[in-house]
Structure formats: structure tokens, C-alpha cells
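Morning, everyone. I have one structure to show today, and I'll keep it brief. Please take a look.

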Amino acid sequence: MTEQPARATRTTPAARPAWAVVRVLRDRNAALYLGGVVVSGFGSSAMWLVAGVWVKDLTGSDGLAALCVFALWAPTLVGPALGTLADRTRRRPLLVWTNLGLAVLLLPLLAVDSPGTLWILYAVLLVYGAAGVVHDAAESALVAAAVDQQLLGDFNGLRMTANEGMKLVAPLAGAGLYAAYGGARVALLDALTFVLAAGLYMLLRVHEPQPRQAGSSADWRARTAEGARYLWSHAVLRPLVLAGGTTMLFAGLNGATIYTVAEGLGHSPAYVGLLYVAQGAGSVAIGLAAGPLLRRLGELRFAGYGIALTAVAVAARALPYDAVALASAAAVGVGLPCVLVAALTAVQRETPDALLGRTAATAGTLLFAPNAVGLALGAGLVELVPYQPLLVALGVTRLVTVLPLLRRQPSRASASATSDRSSSDAKPA
């Protein structure tokens, strides 16, 4: 970047992301959180890959293997209801017990050894996904209280870096462990990482008042809906979450073309792994820079520029050159996380604590559920439409979602006023 921020320092632009890392790691709670993300993320990334391979080996069915991904993602459709749980109890104990519960949950997988026992795997994955929704909602809410507000953007960027870094390393380790010892050993590894993560969360130092206890089922439904109402009424969160959901819908459509792109370049399906590595490297890089960029640009422009970069990269992927395909994958890795980091950070900053669990879970559903829809639609489109014009159309259409984000951002005062009104309206009678 050529311009200096309003309060210039002697650090160079390249050094700012490194300084942001130091700032976060100096914060005890932030460092412990990131440790938990790295540890549990390693086990989860390994398990998510191995589950599909395990089913494929036992049944030979691609469809049954794909059901593993569906089982993991299906609970996001009821994310707002699950997220309400994070507002009904203290978040740190909830994180600890959720991680310990997940460790125990994985133990029945030791009995999976034939097609007739696969129902155990699917049941575990379904509960695994539901627990993950609760975990993410509680984590997002507790981070806002435990981590310095000035560090939220840096922290969320580094969490993205940690997650993507684990996706580059853990699947290879999981595949190797599976090849040598089978799926049960990978399940035990995942269980161990959850126990270690629970230990790290126990070390967090944060004061949490006891929240109001759950009432009737009607009260539960009413309070669950408050997260959606709050998002829709907020001048900053609404465009961010809508743009993020639209972006993830297009990401699913684009993702469905990945094997067709490899085939069009004259490569085997294994070439897709190289594209994923390039994309992961881009995501690691933007995670390190996210905090400084958020402070300079604000959430709306940071998200908008990321979407614009992704749109150009997707359209460029239609060109039949390996170098362009790899550069496009890296650019998507840089651009795609921007709207996700911006939306999560804005939710944490702009949402009252009493609403934060269900609001974060609602935002998660609106952000990630469209990805599954896009994958399903894309799987049909690639059979009907040549992939080059499809990619160009996806890139151009995605640019339309950028326009509302690149307008002048609301002032902090107006955003705060919106938050105050929504918070007041959301309080129980």
C-alpha cells in the first residue's frame, strides 16, 4: 500500500502484519484461543478428510462418501437455534465441556469396521457438526469479551491463518495415519486434540455473569429469532452478511467446476490438490494482514475489495493456462476470506453480549449454508454448460454484490445508535 494511515509509524507496510501477530500473541487470552484453534483444527481437518475416504473404502460408493460432508454441514441449517444455547450459559465452561463431549463422542467410531456399522459414523458426524455450531457461536461470543477489542480483527485474521494452515498439513497427516492404521486411530487422534483444546480453554481468564436461564419453548423460539432481527436491522451487519452469503453461494458454484478446470488444462484430478494448496497459501497470507487492513479500510470496504478480487480471479480461471489457474487459486484464497473475517469481526464488535451467541450462529448459517446450495447447483450446471463461459458469468455477476459495500460506510456513531436500538428491542419483556 502506498498511502500511510492517519497515525503513521516507522514500521513498513510489510512489517505491519508481523507486528499484528506479536500484538495478538502478547495477549494471554488470544494466544490461548489460537492454541486451541490450532490443536482442535488439526484433528478436525484430519477427521473430516478421513471420514469420506473411510466410507469409500468400506462401500465403494462416492454418494455415501459425500454424505459425510452433508452430515457435517446439515446442522448449520438450524444454527440460530443451536446458537441460542451459547447465550443461555457461560461461554467458557460451554467451550470446555463441548470439547470434552466431542472427545467422548468420537470413541464409538472404534466399532466402525463394515458397511453395516456406518450408521455409527453418520450419527457421530451429525452430532459433531451440531456441536461445532454451538462451539463456534460460544467461541465468537467469548472472544469478544476475552480479547482486547483493538485486537479482534487481528485475532480473526490469525484464526483464519491457523485454520487454513491446518488444512494444508492435517489432511496429509490424517491420510498417512489412516493408510497405516485405519480410521479408528484418526478418530482417537481427533479425540486427543479436543481434550488438549479443552485444557487450553480452561486457562482463559474472563469474567462472565450468569445469563438468564431458558424459559418455555415459545420463549426459546422468540429469543432465537432475535439474532436474525438484530442482523437485519443493523446498518453494517446486514450488507456484510448478505454479501457474505451471496459470495459463498458463488464460491460453491465455482467450487463445483474445479475438476472440470483441471480436465480442461489436460491434468488428472490430482491436480486439484495443487490448486487447493495455492488457495490455502493465499488464505494464510490474508489472515496475517487482515487486522491492519481492517483498521485501515473498515469492514465494508475490506470485504468489498476481497469480493472484487475473487470475482476477477474466478473469471480469469477460464483462460487455459496453468500459471493463470494457480494464480487464480491463490487470489481466491486471498479474496474469499475477506468478507468472512470482516463479517465475523463486525458481529463481535457491534452485537450486545447478551445477543452475541445467537447472532453469531445466525450469521454463520447465512454465510455458510449457501455454499452447500452452490455446490449442489454447480454440480448440475457443469454438466449442462461449458465451464469457461460459466466461470466468466460467475465472476461478472459476483461484482454486482460489491457495489453496496464500496459506498461510504456509516459513521461509528450511527452504527452505535443502530446497535443501541436493536439491543433495547431485543431485551426480554
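Predicted model: local features only at pLDDT ≥ 70, side-chain atom pairs only at ≥ 80, totals over all residues.

Let's start with helix 6, residues 118-146. There are 29 residues in helix 6. From first C-alpha to last, helix 6 reaches 40 Å. At 1.5 Å a residue, 42 Å would be expected, so the two values are close. Is helix 6 mostly covered or mostly open? Mostly covered: 21 of the 29 residues are buried.

Now the salt bridges. How many are there? The count comes to two.

Take E139 and R159. Their closest N and O atoms are 2.4 Å apart. Where do the partners sit? E139 is in helix 6, and R159 is in helix 7, residues 152-181. The pair therefore ties together parts that lie 20 residues apart in sequence. As for accessibility, E139 and R159 are both buried.

On to R349 and E299. Their side chains meet in a salt bridge too, at 3.1 Å from N to O. R349 belongs to helix 14, residues 322-350. E299 belongs to helix 13, residues 299-316. So this pair ties together parts 50 residues apart in sequence.

E299 has 6% relative accessibility. The cut-off for buried is under 20%, so E299 counts as buried.

To recap: helix 6 is mostly covered. E139 of helix 6 pairs with R159 of helix 7. R349 of helix 14 pairs with E299 of helix 13.

Technical notes. Residues numbered from 1 in each chain as written. Heavy atoms only, no water. Helix = DSSP H or I, 4+ residues; strand = E, 2+ residues; numbered from the N terminus. Buried < 20%, exposed > 50% of the residue type's maximum accessible area, 1.4 Å probe, protein only. Salt bridge = Lys/Arg side-chain N within 4 Å of Asp/Glu carboxyl O.
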